[in-house]
Amino acid sequence: MDQDFENILSESQLNAYVTYLKLSHTSTSVINRRQSSIKQFTKYCFLQKYLPSNPFEYKHETPRLAPLSW
């Protein structure tokens, strides 16, 4: 069950849903509201420990630099 939940709330599924909405001629404002709602729901699920990670959370990773060798 948990794996299904994680697959449903993923970036690729959200992109597929947005594409479907665009093909259905849904207005941009409705698409944006629905995306926001899904992301807020996912954040809630993560905070309640229903999900191990939030797939929509911005991950700011500092790239590791190779050490200088002379």
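Predicted model: local features only at pLDDT ≥ 70, side-chain atom pairs only at ≥ 80, totals over all residues.

Colleague: Is F41 buried, exposed or partly exposed?

Modeller: F41 has a relative accessible area of 42%. Buried would require under 20% and exposed over 50%, so F41 counts as partly exposed.

Colleague: What does F41 touch, leaving out residues up to four places away in sequence?

Modeller: With those residues left out, F41 touches F5 and L9. As for L9, its C-alpha atom is separated from that of F41 by 9.2 Å, and the two residues are 32 apart along the chain.

Colleague: Let me step back for a moment. How many helices and strands does the chain have?

Modeller: There are three helices and zero strands. Read along the sequence, that gives the pattern α-α-α.

Colleague: And what share of the residues counts as buried?

Modeller: The chain has 70 residues, of which 17% count as buried.

Colleague: Now the helices. At what angle do α2 and α3 cross?

Modeller: Helix α2 covers residues 11–23 and helix α3 covers residues 28–47. Their axes cross at roughly 160° and come within 11 Å. An angle over 145 degrees counts as roughly antiparallel, and α2 and α3 are therefore roughly antiparallel to each other.

Colleague: Is the crossing left-handed or right-handed?

Modeller: α2 passes α3 in a right-handed crossing. On the α2 side, the contact is made by L14, Y17, V18, L21 and K22, and on the α3 side by I31, R34, Q35, I38 and K39.

Colleague: How does that contact divide by class?

Modeller: The contact of α2 with α3 has six nonpolar residues, three charged residues and one polar residue.

Colleague: Which residues form the largest nonpolar core?

Modeller: That core has five residues, namely L14, V18, L21, I31 and F56. α2 gives the most to it, with three residues. As general background, nonpolar side chains in soluble globular proteins tend to be buried together.

Colleague: Where is F56 found?

Modeller: F56 is found in the segment after α3. Its relative accessibility is 16%, so F56 counts as buried.

Colleague: Which residues does F56 touch, not counting those up to four places away in sequence?

Modeller: F56 touches L9, S10, E11, L14, I38, K39 and T42. Of these, L14 is also a member of the largest nonpolar core, together with F56. The C-alpha atoms of F56 and L14 are separated by 9.8 Å, and the residues are 42 apart along the chain.

Colleague: Where does K49 lie, and is K49 buried or exposed?

Modeller: K49 lies in the segment after α3. The relative accessible area of K49 is 72%, so K49 is exposed. F56 is also found in the segment after α3, but F56 counts as buried.

Note on methods
Residues numbered from 1 in each chain as written. Heavy atoms only, no water. Axes fitted to C-alpha atoms, helices over the stretch in contact; angles between N-to-C directions. Helix = DSSP H or I, 4+ residues; strand = E, 2+ residues; numbered from the N terminus. Parallel < 35°, antiparallel > 145°, perpendicular 65-115°, else oblique. Left-handed = near helix turned anticlockwise from the far one by under 90°. Contact = heavy atoms within 4.5 Å. Nonpolar A, V, L, I, M, F, W, Y, C, P; charged D, E, K, R; others polar. Core = buried A, V, L, I, M, F, W, Y, C linked by side-chain atoms within 4.5 Å. Buried < 20%, exposed > 50% of the residue type's maximum accessible area, 1.4 Å probe, protein only.
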